[in-house]
Amino acid sequence: MYLYNTLSGKEELLKKPLFRSLKIFVCGPTTYDYSHIGHARTYIFFDTFVRYLKHRGFRVKYIQNITDVDDKIIERAKDEKKDPAELAGIFTKEHLRNMKDLNIESVTKYARASAYVPQILKQIKTLLKKGFAYQIPGDGYYFDVSKFGDYGKLSHRTTLEAEDAVSRIDENLKKRNKADFALWKFAKLGEPKWKTDLGDGRPGWHIEDTAITEKFFGPQYDIHGGGIDLKFPHHEAEIAQQESASGKKPFVKIWMHTGFLLVDGEKMSKSLKNFITIGDLLKDYSPNILRLLVLGHHYRSPIDYSEKLANQTRAALQTFEDFLGKIDFVLETKNRTIKNFPGQKPVKVFENLMAFALEDDFNTPQALALIFESIGQNQENVWYYEKNHLVSLKKFLESTFETLGFKPKKPVIPPEVKKFVAERELLRQNKQFALADALRNKIRVLGYEVEDTPIGPLALETSNHKHQTPNLL
Ligand code: AMP
């Protein structure tokens, strides 16, 4: 499999480790508010990617941190007159519930930063001992970027350019370089703190990730992921910390970054307050719809979120589910006419093209296009295909969707609807069309549509029927 590596700027071969698991770390949320569908974009992508690797026979250890101690949490807790740890605890719980609702199951371990302070302190002490860190009395300990010659290698900036750092850079006029970042912050009045021999305080933002990964993976590992906003300064800082502390390079072999989910051209974010929470979205759209929307875009491309896009995605998912329903219906129908339609791509060709797409920097939009092409090619004449073709087509569609993390959903037509469908068919055969139409409307009100197919009437769920996948919620 080939993956685009932000570090080298090229696609690189991902090799399967022989005697160990592939080690993946992805940056988790800062829990000062509800998680939104921008977070979902990043986490659904990595969940799908890890599921696929496992399907390919990789053993994977996938860790995600939770930033549950941070300036933003302290500020929000102050506004809400809550204890910062309590506030972070509430939103961490909500986040984990969201992940479960989204069928995100591939994370081996969620590591809360507050549980790894001893490891954080150990790493800071190593950096101090090796001369990469210094203290600003009354403020905290900082990393000196001028001591790390490779600073900027991930974001392809020089140390000087790093001075235009844009996000979460800790300000203090006494810093040696403007881009220096905090490793440990001494506690101010009323702030959360750990009593330590370095001074009472709390960790800076970047150090939690390297302390956690060093504990579980050692000083070097395979893949680090996160949203593109984290490339600089966060991931650059991680490289500086870990490579300086261990002296081993590279800290991480492949860096993968997801594009933003945007609303009206702007990044969806907690700080811009332009977000739709995962919980709110799931009131109207199923987890499968959100997954399809996310995977319909290449992971490195932005997604322009809109309700229109969500509704189009709902309709596409409905096409997929209806088609599987049609296959089942055909397979259950006896005495059909079988016809051949030469010149069509066999299922095997779709399977091969799918593998090419996913092995090429995990091109999910292309993989999904193949799914819909295979449906489009078989849709019109599905009633006439021989059994073997339909069985392999169904297997291809279902197994691909399951590998990509969709929760299989068998359309369940309630007995009441089935009864109405049968009654309507009798009325039609007796040419009582007005009564038959009245029954069709009754069926519609219940959220189903009758399609009169060449092999009999088929009941399907209507796409604007706002159903949820019941066993997910
Ligand atoms: P945060 O809670 O802001 O620390 O973000 C946690 C993770 O979600 C990071 O990997 C972010 O890059 C990612 N993320 C946050 N907002 C978005 C967005 N609008 N689109 C894609 N990823 C995002």
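How many of the five residues of strand β3 (residues 22-26) are buried? Five of its five residues are, so the strand is mostly covered, where buried means under 20% relative accessible area, exposed means over 50%, and partly exposed lies in between (1.4 Å probe, protein chains only). The model is a predicted one: local features need pLDDT of at least 70, side-chain atom pairs count only at pLDDT 80 or more, and totals for chains, interfaces and linings use all residues. Residues are numbered from 1 along each chain as its sequence is written, and side-chain values use heavy atoms, with hydrogens and water left out.

In a regular strand the side chains alternate between the two faces of the sheet. In β3, Leu22, Ile24 and Val26 are buried on one side, and Lys23 and Phe25 are buried on the other, which leaves both faces covered. The neighbour of β3 is strand β4 (residues 60-66), with which β3 pairs in the parallel sense over five bridges; two strands pair if DSSP finds at least two bridges between them. Within this pairing, isoleucine 24 has tyrosine 62 of β4 as its bridge partner.

The whole chain has 14 helices and 16 strands. These are DSSP runs numbered from the N terminus, with helices (H or I) of at least four residues and strands (E) of at least two. Taken along the principal axes, the C-alpha atoms fill a box of roughly 90 × 50 × 35 Å. Of the 473 residues in the chain, 54% are buried. Among contacts with a separation of 6 or more, 76% are between residues 24 or more positions apart, a contact being heavy atoms within 4.5 Å. The accessible surface of the chain is about 21600 Å², and carbon and sulfur atoms hold 53% of that surface; the areas come from the Shrake-Rupley method with a 1.4 Å probe, and for residues only the protein chains shown count as cover.

Charged side chains come next. Side chains of opposite charge can pair when their charged atoms come close. The structure holds 37 salt bridges, each a side-chain nitrogen of Lys or Arg within 4 Å of a carboxyl oxygen of Asp or Glu.

One of these bridges joins aspartate 47 and arginine 291, with their closest N and O atoms 2.8 Å apart. Aspartate 47 lies in helix α1 (residues 37-55) and arginine 291 in helix α8 (residues 287-295), so the bridge ties together parts 244 residues apart in sequence. Aspartate 47 is buried at 0% relative accessible area, and arginine 291 is also buried, at 1%.

Another salt bridge is formed by lysine 125 and aspartate 197, at 2.9 Å from N to O. Lysine 125 sits in helix α4 (residues 117-129), while aspartate 197 is in the loop between β8 (181-186) and β9 (201-203), 72 residues away. Lysine 125 is partly exposed, with a relative accessible area of 34%, and aspartate 197 is exposed, with 64%.

A further bridge lies within one helix. Glutamate 398 and lysine 394 have their closest N and O atoms 3.3 Å apart. Because they are four residues apart in helix α12 (residues 387-403), about one helical turn separates them. Glutamate 398 is partly exposed at 31% relative accessibility, whereas lysine 394 is buried at 16%. Elsewhere, salt bridges that share partners join Arg424, Glu425, Arg428, Arg440, Arg444, Glu449 and Asp452 into one network.
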